[in-house]
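Below are some numbered points on the model, written for someone new to reading structures. Please keep the sequence and the 3D view open while going through them.

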Amino acid sequence: MRWLQVLAASTLLLAGAVHAQSSGKTGAAGVFAFVDVDVLPMDRDVRLSSQTVVVRDGRIAAIGSRAEVDVPDDATRIDGAGRVLMPGLAEFHGHVPGGDDPVYVQDTLDLYLANGVTLVRNMSGDDSHPGLRARIERGEINGPTLVVASPWLRSPDADEAAREVRAHHAAGFDLVKIGSIPADAYPHMAETAHALGIPFAGHIPEGVPLDVALDANQASIDHFDRYVEFLVPPGTDTGTREAGWFGSGWVQWADRDRIEEAVTRTRAAGTWNVPTLTLVEHMASSETPEAMLQWPEMRYMPASERERWRRAKHEYAARETFQPDAAQALVTLRSELLMALHKGGAPIVLGSDAPQFFNVPGFSIHREMAMMQAAGMTPYEVLVTGTRNAAQALGTPAAFGTVEVGRRADLVLLAGDPREDLSHAQMPLGVMARGRWWPREALDARLAEIAERHAE
């Protein structure tokens, strides 16, 4: 394939940023040295100037000033002068297709990599995903590290929910994706998961209040699910109107005075929130789907998926219950929730829900980060949610997410400091995942191949 040929030819390229002084191949693990690079360690808000970072066997082996750290003779040297090195980003609510279309699977994985996403918590489970996770870890195929959720839990009763949880645990899934189980099945499901030591996360089933999910120690709540309903005071007369999509039907009755209690309960539970601001904002925006499909990144999605998104937005706007003012009120309230949770010490981790509703894998993370900044977070605070917070949310704070000796070598090389402007995190000059290195030329060649396949 032309992609493999480009990979082999691009090892010594990166617009002058990469200079290999020993043999090495793109996408292969080995010994690397980022020389004279500024480092954002992300364990604190600081930029360390003129550092040498050595990577060996997929781990960061040494960090220090150029005068302190020797470049190993067998290292591939990567010139970092004037550039910034930071941890790779995490997409904590991503989707990877099932195994019936391996080309689309690989496209999706490469779209994440091309945007500096080195870990995806895949929340669209398929029986093929534990095997896919293992193949990526062995270096058989390219991709970010995967954390794999089970298929959507749809059990009709408590006993079946417990059985499915046990089956997913035995199959090697990392967590259970909560879906549409009956409310009375939720406690038994949670009890079973805790007994097995497998987290459960995602949605909160209909009829399960926010405080019940928090008390059950749900690992993460995605999309701020059930928060709007919690903010509606008990006894409020909502008539026959349903709460709707993430509370959009009840947003008019939300009481901001209840936000503090929601924050306090969330912080006490230790439950992580994955906001996915883009998911709701893209559906609620006044921009037409036809205009949104002109965004540059849409060229990387199959025509069938683009058409599905176009129809979904039109159908959403055509619902009898749809009210543009209420949709925008929901967007505003979600931004306020983000800032209240963040300022109140309730943990936040970065996720955008891609591919879903105009969210193209990898690209949507940068749109998500921009929305988080617009809500009031500083660029550094946003970057924390996508780096060290992801490791903490998985219970592995010493594994990745910071640039420190011993951490997994998940790194991105940037032309500028994203703490000054988050756009500097877009289109990294190179990406390293688990010690495997992809320069920009290789990533761009892959993007071009994907775009060509989906050109109309």
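1. Gln218 touches Tyr186, Phe200, Ala201, Gly202, His203, Ile204, Ala213 and Thr271, leaving out residues up to four places away in sequence; contact here means heavy atoms within 4.5 Å. Gln218 sits in the loop between helix 6 (210–215) and strand 11 (220–222). Helices (H or I, at least four residues) and strands (E, at least two) are DSSP runs, numbered from the N terminus. Gln218 counts as buried because its relative accessible area is 1%; buried means under 20%, exposed over 50% and partly exposed in between, with a 1.4 Å probe and protein chains only.

2. A word on the basis of these points: this is a predicted model, in which local features need pLDDT of at least 70, side-chain atom pairs count only at pLDDT 80 or more, and totals for chains, interfaces and linings use all residues. Residues are numbered from 1 along each chain as its sequence is written, and side-chain values use heavy atoms, with hydrogens and water left out.

3. Ile221 belongs to strand 11. Is Ile221 buried or exposed? Ile221 is buried, at a relative accessible area of 0%. Apart from neighbours within four places in sequence, its contacts are Gly202, Ile204, Leu210, Leu214, Tyr227, Thr271, Trp272, Asn273 and Val274. Between Ile221 and His203 there are 18 residues of separation in sequence and 6.1 Å in space, C-alpha to C-alpha.

4. His223 has a phi near 70°, which is a positive value in a residue other than glycine. His223 is located in the loop between strand 11 and helix 7 (227–231), and counts as buried because its relative accessibility is 1%.

5. Asp57 also deserves a look: its phi is near 55°, a positive value in a residue other than glycine. The loop that holds Asp57 runs between strand 2 (48–56) and strand 3 (59–65). Asp57 counts as exposed because its relative accessibility is 67%.

6. Gly197 is in the loop between helix 5 (186–196) and strand 10 (200–202). With a relative accessible area of 62%, Gly197 is exposed. Gly197 and Leu113 lie 84 residues apart in sequence and 30 Å apart in space, C-alpha to C-alpha.

7. Next, a helix pair. Helix 9 (residues 277–284) packs with helix 13 (residues 363–375) at an angle of about 90°, and their axes are 9 Å apart. Axes are lines fitted to C-alpha atoms, for helices over the stretch in contact, and angles run from 0 to 180 degrees between N-to-C directions. Helix 9 is therefore roughly perpendicular to helix 13; that label covers 65 to 115 degrees, while under 35 is roughly parallel, over 145 roughly antiparallel and the rest oblique. Helix 9 contributes Leu277, Thr278, Glu281 and His282 to the contact, and helix 13 contributes Ser364, Arg367, Glu368, Met371 and Met372.

8. How many cavities of 30 Å³ or more does a search of the whole structure find? The search finds 2. On a 1 Å grid over the protein atoms alone, a cavity is a set of points where a 1.4 Å probe fits but cannot get out, and a pocket is an open set with protein on both sides within 12 Å along at least five of seven lines; lining residues have an atom within 4 Å of a point. Grid points are joined across faces, edges and corners, and a volume is the space filled by probe spheres set on the points. The largest cavity has a volume of about 40 Å³ and is lined by Leu277, Val280, Glu281, Val331, Arg334 and Ser335. Helix 9 and helix 12 (324–343) are the elements that give two or more residues to this lining.

9. The largest pocket has a volume of about 560 Å³. Of its 24 lining residues, Trp152, His203, Asp225, Trp245 and Phe246 lie nearest its centre.

10. The second largest pocket holds about 420 Å³ of space. Its lining has 24 residues, with Leu146, Val147, Asp174, Leu394 and Thr396 nearest the centre. Strand 8 gives the largest share of that lining, 3 residues.

11. Finally, Ala354 and Pro355 are joined by a cis peptide bond, with omega about -5°. Pro355 lies in the loop between helix 12 and helix 13.
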